[in-house]
Structure formats: structure tokens, C-alpha cells
Number of protein chains: 2
Amino acid sequence: MATTHDVTDPGAHPRVRMSGVERRNQLLDIGRELFAERGYEATSIEEVAARASVSKPVVYSHFDGKDDLYDVVVGREMAALLGRFTDSLASAPAGGPRKLLERAALTLLDYIEDETDGFRILVRDSPVGAGATTFSGLINDIASRVEYILADEFRGRGYQPELAGLYSQALVGMVAMTGQWWLSVRRPSKEEVAAHLVNLAWNGLSALDPRPRLVIVR
Amino acid sequence: MATTHDVTDPGAHPRVRMSGVERRNQLLDIGRELFAERGYEATSIEEVAARASVSKPVVYSHFDGKDDLYDVVVGREMAALLGRFTDSLASAPAGGPRKLLERAALTLLDYIEDETDGFRILVRDSPVGAGATTFSGLINDIASRVEYILADEFRGRGYQPELAGLYSQALVGMVAMTGQWWLSVRRPSKEEVAAHLVNLAWNGLSALDPRPRLVIVR
DNA sequence: TGGCGAACCTACGGTTCCGTAGGTTACGGT
DNA sequence: ACCGTAACCTACGGAACCGTAGGTTCGCCA
């Protein structure tokens with residue numbers, strides 16, 4: 001007759017006792033993974049606990065509930081992506097709009113490749129009443145950054161700057177959707193994809209460069 | 001003491017008895033509405049029944065279950081959208097790629113405006129194990145139609161036709177995301193949006209037309 | 001008018017899941 | 001050696017939801 005504590009489940013970790021922050025981070029990672037592959041509704045706290053080889057109350061001791069876990073995961077991911085944009089666009093030596101476009105495209109593609117789960121979550125729907133009427137809150141946020149840059153550029157050229165919103169949505173949508181498609185294809189290479197996207201956005205279909213190159217050194 | 005059949009709920013319809021197909025279509029419409037506003041998981045059969053002022057088993061007598069209802073709704077919507085594309089592209093007097101682009105953009109924007117719920121469903125996630133790794137199955141399907149057209153055009157110009165996939169994803173993504181954004185803004189007008197999208201896709205950022213016009217007569 | 005079948009209902013079983021109450025183990029400082 | 005506290009567990013209440021069993025109403029047609 002086995003003792004009550006015969007916790008030798010095959011495949012389960014041998015009962016690790018972590019510190020508070022370690023466990024919290026582990027749960028956040030697992031949450032990101034599950035929310036990415038199943039979405040919010042289909043993810044259960046029970047499975048989060050199971051994947052951490054831990055019981056449910058442990059999860060509740062770190063987060064107020066499912067919503068809270070989700071919010072923290074999303075917030076973390078938003079900060080990560082926005083940080084990448086800030087780094088890559090702010091540190092740029094102001095090389096004109098075309099280089100900016102290249103940088104932005106590469107930044108997003110890099111993020112998609114490195115943090116695939118995070119990207120999936122940002123692209124998926126929010127729980128239910130989340131205000132973000134359009135896509136997911138952040139994609140929109142990115143678009144509004146691009147909008148400022150474009151508005152400046154438009155003013156300089158004499159176009160109507162109030163159209164910058166439309167064009168930035170179009171550009172961000174182009175890159176985001178292509179990135180999502182590229183996730184499941186992985187070909188051609190990321191740099192090639194970026195070059196073609198810039199080619200399309202910059203030259204247009206009427207004057208496509210048959211063999212586009214990136215200007216930025218990597 | 002009220003009788004068992006005192007079904008005079010205020011606000012509920014006065015107990016209508018429909019024919020089989022009528023009821024089925026009503027349930028499909030309600031399903032589309034709910035799936036669009038809440039997604040698959042958050043929608044319950046009970047609410048579908050409630051909105052139809054009908055009991056749950058009625059829903060089960062028309063559909064095998066939640067999955068089936070969802071599949072039929074999606075299938076119907078895919079057929080509707082594909083039909084629009086077939087009509088608008090096949091009946092075109094072969095006016096060259098630029099007119100094709102205009103037609104495609106307008107077709108998608110029209111659809112988004114007329115069948116907003118349907119579009120939302122197609123853009124949202126599938127239940128869970130739905131193969132569609134990329135976006136939603138159909139957006140991809142549309143993209144592959146565009147791909148054929150583009151591949152032809154590329155061959156004619158001497159570009160690599162195998163890149164048509166990438167460019168079609170980029171173009172469809174651009175229009176789809178802009179359409180989604182436009183849903184919540186509704187300004188500028190649909191025709192203006194289409195004109196600017198074509199402007200961007202055709203001329204590129206480097207040679208934008210400050211006041212683009214559509215070529216097609218509406 | 002009588003009866004037959006389609007449309008519909010109430011009621012319930014079984015499952016899943018969120019969130020909590022209350023008790024147990026092990027580590028770290030003294 | 002001892003004790004406080006942080007980490008963790010089992011067990012359960014309560015709610016939502018899917019899907020079905022069995023019975024009732026209504027319209028049509030002979």
C-alpha cells in the first residue's frame with residue numbers, strides 16, 4: 001500500500017520547491033504558452049498548474065485569477081515588443097523614411113521569430129469585453145507610432161497628414177499579416193521577406209525591383 | 001397560481017412556430033452574430049437558443065453540436081466571400097493588373113461593410129485544432145487566388161513567380177487589416193480608402209499620388 | 001373529425017472549470 | 001535544537017455548459 005505522498009508520477013518532475021519569484025515567472029511562461037496555442041477561453045488554470053507540476057491554489061496565490069494572469073502575460077509582451085521598437089527606431093541614425101521602414105519591418109519580423117507565442121497572443125482576441133475593437137490593442141499601438149512618423153513625412157512632402165493613420169494601418173497590417181504567414185512557411189529568409197516588403201511598400205507594384213536588397217547592415 | 005404554460009415573458013416573442021428551414025436559417029444567423037461578437041468558446045448553445053426564443057434541443061435537432069453549427073456558419077461565409085470575388089473578378093473586362101487590384105480591394109471592403117459579422121468570424125480564431133495555422137482559413141484562400149493572378153503578372157514581367165505567394169499575402173494583409181481598422185473609424189469613405197490602398201500598393205511610398213482616384217466606374 | 005408527424009418543451013445527467021478552506025511540509029535564521 | 005513563515009497540497013462548493021430522454025402542442029391532410 002503506497003503512502004499518501006508517493007508522488008512518483010512518471011514524466012512529472014521530481015517535486016521541485018521553487019522560490020516565489022521563480023515560480024511566478026514559470027507560471028507566466030506557461031501561461032503565455034497556453035494562451036498562445038489555445039486562446040483565452042480554452043485555457044484552464046488547472047492545466048497551467050498541471051504543466052508547472054503544481055496544484056491550483058499555487059497559481060491563485062500568485063495571481064488574482066485567470067484574468068489577472070492573462071493581463072500580466074499580455075502586459076509583459078506589450079512591453080517587450082514596444083521596447084524593441086523603441087530601441088531599434090530611437091537608436092537609428094535618422095536615415096530617412098526608407099531605412100526607417102526597413103528597420104520597422106525587421107524589428108517586427110525579429111520579434112515574431114524570437115517570441116512566436118507572444119506574437120500569437122497579441123494577435124488573438126482579448127477575453128471578451130476588451131475595448132480593443134480593432135485587432136489586438138498593441139498592433140494598433142504600433143500602428144499609431146508609425147502614424148506619427150508618417151505624418152511628419154507627409155507634412156514635409158505636402159500630402160494631407162491626416163491620411164497618415166490610414167497608411168500606417170495599411171503598412172503595419174501588411175507586415176503583420178505577412179509575418180503571420182511567414183511563421184508557417186519560414187521561407188524565404190527573414191531578411192529576404194523584409195527586403196520584398198520594403199520593395200512593395202516603397203516602389204509599389206508598378207515599379208517593383210526584381211531583386212531588392214536591404215540597405216541596412218546587419 | 002400561474003399555469004405551467006404561462007409563457008408570457010415580457011420581451012420574448014409570442015411563441016412563433018416556424019418551418020424547419022426557416023428555423024434553421026434563423027439559428028444560423030444568430031450563430032453568426034454570437035460567434036462574431038464573442039468568439040467560439042465564449043458562445044453557448046444555450047444563448048443561441050435563448051435568442052431564438054426557443055429551447056436547446058431545437059438547436060440540436062438542426063445541428064450535430066456546437067462544432068457543427070460553427071462549421072456551417074463559417075462555410076456559408078466562406079462561400080459568400082468567395083462568391084463575391086468570383087463575380088467581381090471573373091466578370092471584369094480584363095483591364096490589367098491595376099484595375100484588378102482596385103476591384104479586389106473594393107470587393108473586400110464591400111464585404112466587410114455588408115457582412116461585418118461574417119468578416120469578424122473569418123478573422124477570428126478557429127475552435128482549437130483547426131489546421132489553419134496562419135490567419136483564418138479563408139483569408140488565406142483569398143490570398144491564394146491573388147497569388148495566381150500575381151504569378152501570371154510576374155511571369156510576364158520576368159520576376160520570379162514563386163514570390164507571388166509572399167506579395168499576395170502582403171497585399172491581402174494590407175487590405176484586410178485596413179478594412180478592420182476602417183470598421184471602427186468609418187472615415188474616409190470606402191471608395192477613398194480603396195483609392196489610397198491602391199495608391200500605396202501600386203505607386204509605393206516613394207511615388208505616392210497626393211490625390212489618388214479610382215479608375216473603375218461605380 | 002380524427003390522427004399522424006413535425007416542431008417544441010421541461011428536466012436532468014455528466015463534465016469541466018473557477019475559486020477557496022484548511023491542513024501539511026520544508027527551509028532559514030537564531 | 002527550535003520555531004516562524006513561505007511554499008505547497010488535498011478536497012470541495014458552486015456555477016456554467018453540453019448533450020439527451022421523454023413527453024406535449026400544433027398544423028396539415030385524408
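Author: Let's go with H9(A), which is mostly covered: ten of its 14 residues are buried. Before going on, bear in mind that this is a predicted model, where local features need pLDDT of at least 70, side-chain atom pairs count only at pLDDT 80 or more, and totals for chains, interfaces and linings use all residues. Residues are numbered from 1 along each chain as its sequence is written, while chains are lettered from A and ligands numbered from 1 in the order in which they are written.

"Buried" here stands for 20 or more other C-beta atoms within 10 Å of a residue's own, "exposed" for 12 or fewer, and "partly exposed" for anything in between, with C-beta atoms placed from the backbone. Helices are DSSP runs (H or I, at least four residues; strands are E, at least two), numbered from the N terminus. Chain A has nine helices and zero strands, and 34% of its 218 residues count as buried.

H9(A) covers residues 190-203, and its end C-alpha atoms are 20 Å apart, which agrees with the 20 Å that its 14 residues should span at 1.5 Å a residue (the expected span is 1.5 Å times one less than the number of residues). Its buried residues include A:Val193, A:His196, A:Leu197, A:Asn199, A:Ala201 and A:Trp202.

So what do they pack against? The buried residues of H9(A) pack against H5 (96-114) and H8 (164-185) of chain A, together with H8 (164-185) of chain B; a contact is a pair of C-beta atoms, placed from the backbone, within 7 Å.

Now for the ends of the helix. Leading in, the loop between H8 and H9 of chain A holds A:Arg186, with a positive phi of about 60° although it is not a glycine. A:Arg186 is exposed, with 10 other C-beta atoms within 10 Å. That loop is also the place of A:Pro188, and the peptide bond from A:Arg187 to A:Pro188 is cis, with omega near 0°. At the other end, H9(A) is followed by A:Gly204, whose phi is positive, near 80°.

Key:
Two residues are in contact if their C-beta atoms, placed from the backbone, lie within 7 Å.
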